[in-house]
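The following exercises concern the structure shown below. Each task is followed by a solution in steps.

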Amino acid sequence: MPDRDPGLQPERTRLAWRRTTLTCAAVVVLGGRALLRSGAPVPVVVSLAALTGLVWIVFLAVADRRVRSLATGRPPDLPHGPAWVLVGCTVALAAVGAAVGGAVAAL
């Protein structure tokens with residue numbers, strides 16, 4: 001049986017990963033902006049900014065690895081490990097967003 005013709009599906013998936021990564025970057029930037037304007041204590045701002053930056057870098061690394069795997073005709077399924085890392089990054093960004101929202105609302 002010959003290899004299947006993937007058509008444009010890998011390209012669409014690659015573009016979806018790029019959009020998701022860009023959205024994650026926008027969330028990090030907007031969260032940082034809100035955090036800086038919140039008037040929170042400097043140690044809180046620095047620690048949340050470091051955590052958010054670390055989460056974004058991990059998300060970017062996993063997404064980039066997945067985009068590179070799409071260069072083949074038929075990429076492998078996303079393994080459970082990287083999938084759980086992406087879930088953890090999403091939950092961490094949501095938690096930081098809730099913390100920033102709480103800090104802004106408290107002022």
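**Exercise 1.** Classify Val 58 as buried, partly exposed or exposed.

*Solution.* Val 58 has a relative accessible area of 32%. Buried means under 20%, exposed over 50%, and partly exposed in between (1.4 Å probe, protein chains only). Val 58 is therefore partly exposed. This residue lies in helix α2, residues 42–69. Together with Leu 54 and Val 85, Val 58 forms a nonpolar surface patch with about 220 Å² of accessible area.

The model is predicted: local features need pLDDT of at least 70, side-chain atom pairs count only at pLDDT 80 or more, and totals for chains, interfaces and linings use all residues. Residues are numbered from 1 along each chain as its sequence is written, and side-chain values use heavy atoms, leaving out hydrogens and water.

**Exercise 2.** State how many helices and strands the protein has, and their order.

*Solution.* Helices are DSSP runs of H or I with at least four residues, and strands are runs of E with at least two, numbered from the N terminus. The protein has three helices and zero strands. Its pattern along the sequence is α-α-α.

**Exercise 3.** Check the span of helix α1, residues 9–37.

*Solution.* The expected span is 1.5 Å times one less than the number of residues. For the 29 residues of α1 this gives 42 Å, and the end C-alpha atoms are 42 Å apart, so the two values agree.

**Exercise 4.** Name buried residues of α1.

*Solution.* Among them are Trp 17, Thr 21, Cys 24 and Val 28. In the whole protein, 24% of the 107 residues count as buried.

Technical notes. Patch = residues over 30% accessible without salt bridge, like charges linked within 9 Å, V, L, I, M, F, W, Y side chains within 5 Å. Areas by Shrake-Rupley, 256 points an atom, 1.4 Å probe, with all protein chains shown as cover. Salt bridge = Lys/Arg side-chain N within 4 Å of Asp/Glu carboxyl O.
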